[in-house]
Amino acid sequence: MPDRVVPGPVGNSASIREAVSINTNKIFDCCRDKDCVDELRVYPTISSQTYLDNAISIRPKAAELLYINVNVEPVSFNRGYYTVDCTYFYRVTAETFPGAQLCRGLAVFDKRVMLFGSEGSVKTFTSDGEEAIVSLDDQPRAVVSAVDPIALHASLADPAETPGSDNIIIPAFILDAMGEDLITVDNFRRWFVTIGQFSMVRLERETQLLIPAYDYFLPDKECPGASEDDPCALFGRIDFPVDEFFPPDSAVESSDYKQYK
């Protein structure tokens, strides 16, 4: 029998020391999605709009996920189920033709999913110093995990070709992250982008669980420190980049997400 049990798969020889009660977030339902959002409106910065008005075409460069606003609401006709409304905010970069001018703008994507989150009516109070009495409905917490999207396509259109207004409301901190005011009115040339988004959504509740405990966890790995007085010692811990000196014999096709970043 080993002296210590480490995290990972547990064999039949593992010795359970005791049953431990813990407080944690239990996942009641979750889903994953692979969204291809076609012709998503991009609101360009003021300086970028000048380049768009004089461009023949545009090609995507990159898209960065800035923030996801998440809202949870119970489903009235189906007890225990909740809708999760997600609003994705993207900073999009593209290049115009001709001129190869970089353009930046903000794109917004709305998504709704329905998941099971169970029911509850408990009120929880803690001794963390909060004195105000706050009454909250006991509903599950939604967590959305997502990677930066893949910018697949970009296009331009005149206002007459795409009539109508989005009447978008952009939070102040998103505008601050863009670093420049945006063009949101409809009497300018419009910019559209197609993106691919991978995401996972889950509903979880705080709960108490009884789990087996094997022992207290003590890390085996020491914490390596970097000494500013000895940069050569730090450099000595870096592995030699062999792959950088010897290119591969052939190009291997890959469907990995990172190759498109």
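Me: Is Arg-141 buried, exposed or partly exposed?

Reply: Some ground rules come first. This is a predicted model, in which local features need pLDDT of at least 70 and side-chain atom pairs count only at pLDDT 80 or more, while totals for chains, interfaces and linings use all residues. Residues are numbered from 1 along each chain as its sequence is written, and side-chain values use heavy atoms, leaving out hydrogens and water. Buried means under 20% relative accessible area, exposed over 50%, and partly exposed in between (1.4 Å probe, protein chains only). Arg-141 has a relative accessible area of 46%, so Arg-141 is partly exposed.

Me: Which residue forms a salt bridge with Arg-141?

Reply: Side chains of opposite charge can pair when their charged atoms come close. The criterion is a side-chain nitrogen of Lys or Arg within 4 Å of a carboxyl oxygen of Asp or Glu. Arg-141 pairs with Glu-204, with the closest N and O atoms 2.2 Å apart. Arg-141 is in strand β5 and Glu-204 in strand β7, so the pair ties together parts 63 residues apart in sequence. Strands are DSSP runs of E, at least two residues, and helices runs of H or I, at least four, numbered from the N terminus. Glu-204 is buried, at 5%.

Me: How many salt bridges does the structure hold?

Reply: Eleven. One of them joins Asp-35 to Lys-111, the closest N and O atoms being 3.0 Å apart. Asp-35 sits in strand β1 and Lys-111 in strand β4, 76 residues apart. Both Asp-35 and Lys-111 are buried. Asp-33, Asp-35 and Lys-111 are linked in a network of salt bridges.

Me: How many cavities of 30 Å³ or more does the structure hold?

Reply: Rolling a probe the size of a water molecule over the atoms shows where empty space is left. On a 1 Å grid over the protein atoms alone, a cavity is a set of points where a 1.4 Å probe fits but cannot get out; lining residues have an atom within 4 Å of a point. Grid points are joined across faces, edges and corners, and a volume is the space filled by probe spheres set on the points. There is one cavity of 30 Å³ or more. The largest cavity holds about 40 Å³.

Me: Which element gives the most to the lining of the largest cavity?

Reply: β1, with three residues. The lining includes Arg-41, Val-42 and Trp-191.

Key. 1 Å grid on protein atoms, 1.4 Å probe; cavity = no way out; pocket = protein on both sides within 12 Å on 5 of 7 lines; lining within 4 Å.
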